[in-house]
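I am starting a notebook on this structure, and I ask the reader to keep the sequence and the model open beside these entries.

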Amino acid sequence: MSSDAIASFEDLGLAPEIMAAINEVGYTTPTPIQAQAIPAVMAGRDVLGIAQTGTGKTASFTLPMINRLMKGRAKARMPRTLILEPTRELAAQVAENFDLYGQNTRLTKALLIGGVSFGDQERAIERGADVLIATPGRLLDHVERGKVMLRGVEVLVIDEADRMLDMGFIPDIERIVKLLPFTRQTLFFSATMPPEITRLSEQFLQAPKRIEVAPPSSTNKNVSQTLIEVAPMKKRAALRTLFDREEVTNGIIFCNRKRDIGTLLESLQRHGYSAVSLHGDMDQHIRLKMLDEFKSGAAKYLIASDVAARGLDIPNVSHVFNFDVPTHAEDYVHRIGRTGRAGRTGAAYMLATRQDDKYVQGIEELIKQEIAREELKGLDVVGSENLTAKGKPRRRKTDAEADNTQPSTSNGEGRRRGLLGRNRRKNPNKQAETKLAPEKIEKAEKPAKSEKTDRAPQSKTGKDTRKNTRKHNSQSSDAFDGNMPDFLKKQIK
Ligand code: AMP
């Protein structure tokens, strides 16, 4: 059957246990990459998937892999399938997907990533894992310790190959592939195909089915989109203004940085809004509890990061608020796709500061439309962002500071002059950057650093920069920053 003819998961021939899981997760239609890749993988073919995250590519290899694994049994220390991921966050997400889609099976997995003790991982391998989900460096560490044998691997997935290249993992991957049986099925995914990646794909794949899908770029017509220009320090006030004037049934607020999630949660709760939060540092148990509170309506607002929200079954919501402009344009499409589902209408708001200009431009180019601008009186870029409500001098970067909305007294004025002066010196060219608000204050805040540091620019030389990468991983401000959640520490029995 051609992929065009595939309108539902029923057509794909997946086992009833997997179908039940798909129903439970709430997917109704396969995404284009799923419609094309799943039949090919089920037929035993190699696949070259040129697709980004957000296209549903994880399920495109996990679902048929589970289908295949259900037919055999795991052997101690000899995994049957191997998924290589460039970062531990991605590996953890794939592991979550595996659990989600394999919830009605008894399949086992071992997640081999840095930052977690070897002991637990070794025990999981020893018990017998149907699938190994690993970052290349940690897998080789286990191989060198003699704890894992790869000659039983029937299916290899290399995910995000171009990012592997950026991170200097190609030599490791070549070493790993040499340890695998020559006769195997290989599924190779990359968002882009630079020459080095094309070479690798030719080396690893045999007569692959090539599937290329465009990143999601269209937004739902039922969702109204509005951009509100706001001074950085007025974002919370702007959010509250929107909450109070809009008829919000329930809303998700997306932040780029996980540290902002906690601060915003505290701030909203202090102002009497019922809110919960979701971020990658949370223990799985707490995450589910938070999600339940939101789903049941006990909490009206959910503050989330892209990483934490991904893969979770979050119900349709009336509003999406982008507290920060996402630095990756596709994330915008994902975020606002949480509202306006099933023919209902939804509203999406985005708070943007002057520093976000280039990201807003990227989003508008991707969605091929201009987002309507709105000014919230007193809260736009012109606003006196360093003034305090109670006439107290402002200390920089405190929660209270960011919550103030009122005009200030002389103390604040004096401080403001200082800030204005300093920023003028620092940003002589800023006027040219801002189309809609030609003058005023540039706050000395750095552009938001995305939670997804696995997308951070890396060396493109292809050299082994693993040492640096590990440092990068352990120091990043990503969802697992220096604080591995408990659920990752537990390997599935
Ligand atoms: P991925 O590209 O694998 O990172 O998936 C992006 C997002 O799409 C995840 O949140 C998945 O849960 C979701 N997703 C995957 N497949 C489907 C589907 N068939 N229908 C709706 N959502 C999906």
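Does Ala207 count as buried or exposed, and how many C-beta neighbours does it have inside 10 Å? I looked this up and found that Ala207 counts as exposed, because it has 6 C-beta neighbours inside 10 Å; the rule I apply is that a residue is buried if 20 or more other C-beta atoms lie within 10 Å of its own, exposed if 12 or fewer, and partly exposed in between, with C-beta atoms placed from the backbone.

Before going on I note that this is a predicted model, in which local features need pLDDT of at least 70 and side-chain atom pairs count only at pLDDT 80 or more, while totals for chains, interfaces and linings use all residues. Residues are numbered from 1 along each chain as its sequence is written.

**The whole chain**

I counted 20 helices and 14 strands in the protein chain, where helices (H or I, at least four residues) and strands (E, at least two) are DSSP runs numbered from the N terminus. The protein chain has 493 residues, of which 47% count as buried. Among the contacts in the protein chain with a separation of 6 or more, 77% are between residues 24 or more positions apart.

**Positive phi values**

I returned to Ala207, which sits in the loop between helix H9 (195-204) and strand S7 (209-212), and noted that its phi is near 40°, a positive value in a residue other than glycine. Glu160 is not a glycine either, and has a positive phi of about 55°. I found Glu160 in the loop between strand S5 (155-158) and helix H7 (161-166), and Glu160 counts as buried because it has 23 C-beta neighbours inside 10 Å. Gly272, which follows H11, has a positive phi near 90°.

**Helix H3 and its neighbours**

I then turned to H3, whose 13 residues reach 19 Å from the first C-alpha to the last, close to the 18 Å expected at 1.5 Å a residue; the expected span of a helix is 1.5 Å times one less than its number of residues. H3 is mostly covered, with 12 of its 13 residues buried, and among these I list Phe61, Leu63, Pro64 and Ile66.

The axes of helix H2 (residues 32-42) and helix H3 (residues 57-69) come within 9 Å and cross at roughly 30°. This makes H2 roughly parallel to H3, since angles under 35 degrees count as roughly parallel, over 145 as roughly antiparallel, 65 to 115 as roughly perpendicular and the rest as oblique. Axes here are lines fitted to C-alpha atoms, for helices over the stretch in contact, with angles running from 0 to 180 degrees between N-to-C directions. Ile33, Ala37 and Val41 are among the H2 residues in this contact, and those of H3 include Phe61 and Pro64. By class, the contact of H2 with H3 has 9 nonpolar, 3 polar and 1 charged residues, where Ala, Val, Leu, Ile, Met, Phe, Trp, Tyr, Cys and Pro count as nonpolar, Asp, Glu, Lys and Arg as charged, and the others, Gly among them, as polar.

The axes of H3 and helix H4 (residues 88-101) come within 10 Å and cross at roughly 50°, and that makes H3 oblique to H4. I read the contact as Thr58, Ala59, Thr62, Leu63 and Ile66 in H3 meeting Val94, Asn97, Phe98 and Tyr101 in H4; by class it has 6 nonpolar, 3 polar and no charged residues.

**Helix H6 and Gly137**

Gly137 lies in helix H6 (residues 136-144), and it counts as buried because it has 21 C-beta neighbours inside 10 Å. The C-alpha atoms of Gly137 and Ile176 are separated by 9.8 Å, although the two are 39 residues apart along the chain. In the contact between the helices, Pro136, Gly137, Leu139 and Leu140 in H6 meet Asp172, Ile173, Arg175 and Ile176 in H8.

**Asp120**

My last entry is on Asp120, found in helix H5 (residues 118-127), which is partly exposed, with 15 other C-beta atoms within 10 Å.

Technical notes:
Two residues are in contact if their C-beta atoms, placed from the backbone, lie within 7 Å.
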